[in-house]
Amino acid sequence: MDPKDTKITAEHIPQGIHVMAKPIGPACNLNCDYCFYLEKQALFGESENYKMNDTVLSAYITKYITSQPSPAVEFLWQGGEPTLLGIDFFKRVIKLQKSFSSKKTIINSLQTNGTLLTDAWCAFLKKHNFLVGISIDGPKEIHDRYRHDRSGSGTFDNVMRGLKLLGKHGVEYNVLACVARDTAKKPLDVYHFFKNEGIKFIQFSPIIERVPDGYAAQCGLRLAAPAALDKKEENTEVTPWTVIPEDYGDFLIAIYEEWVRNDVGEIFVMNFEWALNLWIGNPSPVCVQAKQCGRSVVIEHNGDVYACDHFVYPQYKLGNILTDDLLSMVEKSVQSGFGVAKETALPRWCRECDILAACRGGCPKHRFVETIYDEPGLHYLCQGYRKFFLHIRRYLQVITQLLEHGRPASYVMDVIKGPLILNVDYLQQQNHRTN
């Protein structure tokens with residue numbers, strides 16, 4: 001069935017779909033060393049107006065809500081830097097969404113670098129229940145290593161000012177921390193900083209990029225495009241800021257060891273939550289660790305829809321929100337083989353791996369390494385992922401037993417003070433404590 005030849009309905013796609021919106025495109029007030037999206041300006045031209053107009057905005061909101069088969073619709077506004085659009089843009093967003101509020105639960109999330117937040121911004125975000133993701137890499141010397149403004153100055157002080165404003169206004173927020181090469185060498189400096197700042201929700205995102213290949217240079221890009229999963233990739237040279245695989249594994253392990261002894265139930269590291277979720281047999285809530293991908297598409301400022309925000313290249317364009325049906329574009333993404341190949345193109349090394357259920361091959365963009373069997377399609381971070389997941393298995397087993405017996409995961413902090421064996425006597429003691 002060709003998606004172009006039929007009208008796809010929600011019944012054909014029983015799972016929820018997810019659309020990430022980039023209403024300001026790649027435009028940003030910062031110039032971070034490792035950003036993979038700033039270069040996308042080369043695909044649009046120098047005279048491009050990076051602002052989603054009202055026609056595109058209305059079409060996006062209407063089609064996303066009416067196409068969503070699940071009862072809740074989550075709008076994720078990202079960039080670039082979306083606050084460059086100003087509060088009035090998002091007032092129009094709320095107005096357009098309101099007419100559908102009786103039919104769906106509508107959730108808004110905003111990912112920001114935090115430098116442009118003001119009292120007015122935070123009051124608006126609080127009033128309309130936005131969940132805010134704010135990008136902070138750690139303490140000043142770590143954050144400012146890679147995250148600069150257009151003049152080359154560090155951004156830490158401005159970001160922390162924005163973070164304090166979010167707290168002042170009671171805005172719900174979490175932190176997205178990028179883990180680049182130098183950052184990975186200081187895991188506890190990063191974690192203790194977040195803990196001391198009272199930050200409760202953290203996600204660590206590894207930085208992986210390759211130097212430009214011939215295609216990228218032809219397009220005016222400074223980073224390599226995704227490799228083909230079924231062909232040997234000649235260009236495996238990574239950028240100087242790309243994290244070293246084993247260093248990333250050690251980074252996560254060091255923080256996990258600190259967290260599992262002191263902070264379970266108080267601080268929520270999403271990477272650890274995802275690992276536990278997979279261990280107990282639930283489907284992955286994130287595409288990176290899902291068997292297949294392709295259902296989380298991205299819409300650019302001009303209405304163009306792409307298979308993923310890591311795949312905003314001409315060959316991965318699915319259509320435009322003004323002229324094409326959203327469900328048909330998602331179906332096209334799934335059926336084109338883009339998302340399916342995440343699973344079907346796994347090399348033998350992955351298929352035989354004892355942590356496959358935790359990793360699922362990782363993001364296809366970063367699968368450009370060969371296995372020991374000379375097969376293509378291995379994830380760059382394989383060694384780091386494997387080291388981390390093997391290390392935490394013993395803790396996951398104990399936490400799972402606790403949950404199965406109706407006890408909170410935080411009890412693991414008591415269990416690991418002795419041998420990692422959860423016995424009946426301990427469970428009975430905990431039952432007595434809580435009854």
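Here is a short walk through this predicted model, from its nonpolar cores to one helix and then a pocket.

Start with the largest nonpolar core, which has 102 residues. To find your way in, select Tyr-60, Trp-77, Phe-90, Leu-125, Phe-194, Phe-204 and Tyr-256, the residues with the most contacts inside that core. Then colour helix H15, residues 382-404: it gives the most to this core, with 9 residues. Apart from it there's another core, of 18 residues, and Leu-30, Ile-207, Leu-223 and Val-312 are among them.

Now go back to Tyr-60 and show what surrounds it. Skipping neighbours within four places in sequence, Tyr-60 is in contact with Val-19, Ala-21, Phe-75, Trp-77, Ile-299 and Ile-321.

Next stop, helix H4, residues 119-127. Its buried residues are Trp-121, Cys-122, Phe-124 and Leu-125. Look down the axis of H4: these buried residues fall within an arc of 160 degrees, so they line one face of the helix. What do they pack against? Bring up helix H3 (87-98), strand E3 (105-112), strand E4 (131-135) and helix H6 (156-168), and you have the partners of the buried residues of H4. Following H4, click on Asn-129, whose phi is positive, near 60 degrees.

Finish at the second largest pocket, with about 280 Å³ of space. Of the 17 residues lining it, select Phe-311, Tyr-316, Ser-336, Gly-337 and Phe-338, the closest to its centre. Strand E10 (317-320) and helix H11 (326-335) are the elements that give two or more residues to the lining. Colour the lining by residue type and you'll get 11 nonpolar, 4 polar and 2 charged.

Methods
Residues are numbered from 1 along each chain as its sequence is written. This is a predicted model: local features need pLDDT of at least 70, side-chain atom pairs count only at pLDDT 80 or more; totals for chains, interfaces and linings use all residues. Side-chain values use heavy atoms; hydrogens and water are left out. On a 1 Å grid over the protein atoms alone, a cavity is a set of points where a 1.4 Å probe fits but cannot get out, and a pocket is an open set with protein on both sides within 12 Å along at least five of seven lines; lining residues have an atom within 4 Å of a point. Grid points are joined across faces, edges and corners, and a volume is the space filled by probe spheres set on the points. Helices (H or I, at least four residues) and strands (E, at least two) are DSSP runs, numbered from the N terminus. Ala, Val, Leu, Ile, Met, Phe, Trp, Tyr, Cys and Pro count as nonpolar, Asp, Glu, Lys and Arg as charged, and the others, Gly among them, as polar. A nonpolar core is a set of buried Ala, Val, Leu, Ile, Met, Phe, Trp, Tyr and Cys residues joined through side-chain atoms within 4.5 Å. Buried means under 20% relative accessible area, exposed over 50%, partly exposed in between (1.4 Å probe, protein chains only). Contact means heavy atoms within 4.5 Å. The arc is that of the directions from the helix axis to the C-beta atoms.
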